[in-house]
Amino acid sequence: RTASAVPALSPERARQSLVAMWSPFLIFAILASASARTSETFQPSRGWALAPPITSAIIVAGVTLPNRASGKDHIVRRHKKRTWPTHVFTLLRLCDPIACAALLQRRTMNARDFVFLGMSLVGSLRHWLWASKINLNDWTWELAVSVAVFNFWFDWTHAQNLLRKPRPLNGVGYAGAACFLAGSALESVAELQRANFKRQSPMGTLYTRGLFRFATNINYLGYILWRTGIGLVSAPPHTLAYGLYHAVDFRLRAIPLLDAHMEGKYGEQWRAYISRTKRLIPYVL
């Protein structure tokens, strides 16, 4: 059966989607911040341990499932480059490692803290690379601010959990660092390969080479890996909720909606591609 293209998202619909997305999230953030009182030894309350799973559940219920049900996404899939939203997004993302470092300096920092801060910095720089050099879709003010807040909250809750329970860097932490590096390289290389192809090839030509010959959404796998890696370094197991959330979101929302968009855009090229290629994990899924 041929799926139709995902309808274009109007500016008004985009604003409504973002309000619906962030309202419960911000309410929870206010409540969590109010409950996370700091003691004389700068140890925050145990309430921060619940932040990753509760945040993930809220986003799945408020964004993933409604978008899947409606067939509409908050992503604006049209070619248009806006300079100032990109600059503001980059600036906001670069504030993340600075804010987290200021928080963790309230006690003596250890190797695990420094590894996490390095991850936060690399993630911010990779987002600058993506927004300024790779992304070809319209990057609106609403998306720039909301995605920056989304990422800040993730990093901030990781840092709060590190502050609550300082631990030496062990085997799990090293595995997390390796997972983060592998996922970051996988996502960035795949995205750069596709972006270079799009700039050099005529419109209407589907990219199926490079890392994308192994899975149609190989970049999503990279994203899941580096998010999971941060969770392994910060305060597992509850901080692994963010990696799990992205796996669920990509499987239930992002991949099906992207399928509809890509089939409407590329037709038989896309159908032939997905018939012979795994979707997320090479040779497996």
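**Note on cores, surface patch and cysteines**

1. A search of the whole structure, a predicted model, turns up zero disulfides. Such a bond is covalent and links the sulfur atoms of two cysteines.

2. C95 counts as partly exposed because its relative accessibility is 37%. C179 has 17% relative accessibility, so C179 counts as buried; the cut-off for buried is under 20%.

3. The largest nonpolar core has 46 residues. Those with the most contacts inside this core are L104, F116, L117, F154, I218 and Y220. At least two core residues come from each of α2 (51–70), α3, α4 (111–134), α5, α6 (171–200), α7 (218–234), α8 (241–266) and α9 (268–276).

4. A second core is separate and has six residues. Among them are F89, A131, L143 and A144.

5. What does F116 touch, leaving aside residues up to four places away in sequence? The list is C100, L104, D155, H158, A159, L162, I230 and V233. L104 is also among the residues with the most contacts inside the largest core.

6. Now the surface. W84, L92, W141, V145 and V149 make a nonpolar patch of about 480 Å². α5 gives the most, with three residues.

7. L92, one of the patch residues, is found in helix α3. L92 counts as partly exposed because its relative accessibility is 33%.

Conventions
Residues numbered from 1 in each chain as written. Predicted model: local features only at pLDDT ≥ 70, side-chain atom pairs only at ≥ 80, totals over all residues. Heavy atoms only, no water. Patch = residues over 30% accessible without salt bridge, like charges linked within 9 Å, V, L, I, M, F, W, Y side chains within 5 Å. Areas by Shrake-Rupley, 256 points an atom, 1.4 Å probe, with all protein chains shown as cover. Salt bridge = Lys/Arg side-chain N within 4 Å of Asp/Glu carboxyl O. Helix = DSSP H or I, 4+ residues; strand = E, 2+ residues; numbered from the N terminus. Buried < 20%, exposed > 50% of the residue type's maximum accessible area, 1.4 Å probe, protein only. Disulfide = S-S within 2.5 Å. Core = buried A, V, L, I, M, F, W, Y, C linked by side-chain atoms within 4.5 Å. Contact = heavy atoms within 4.5 Å.
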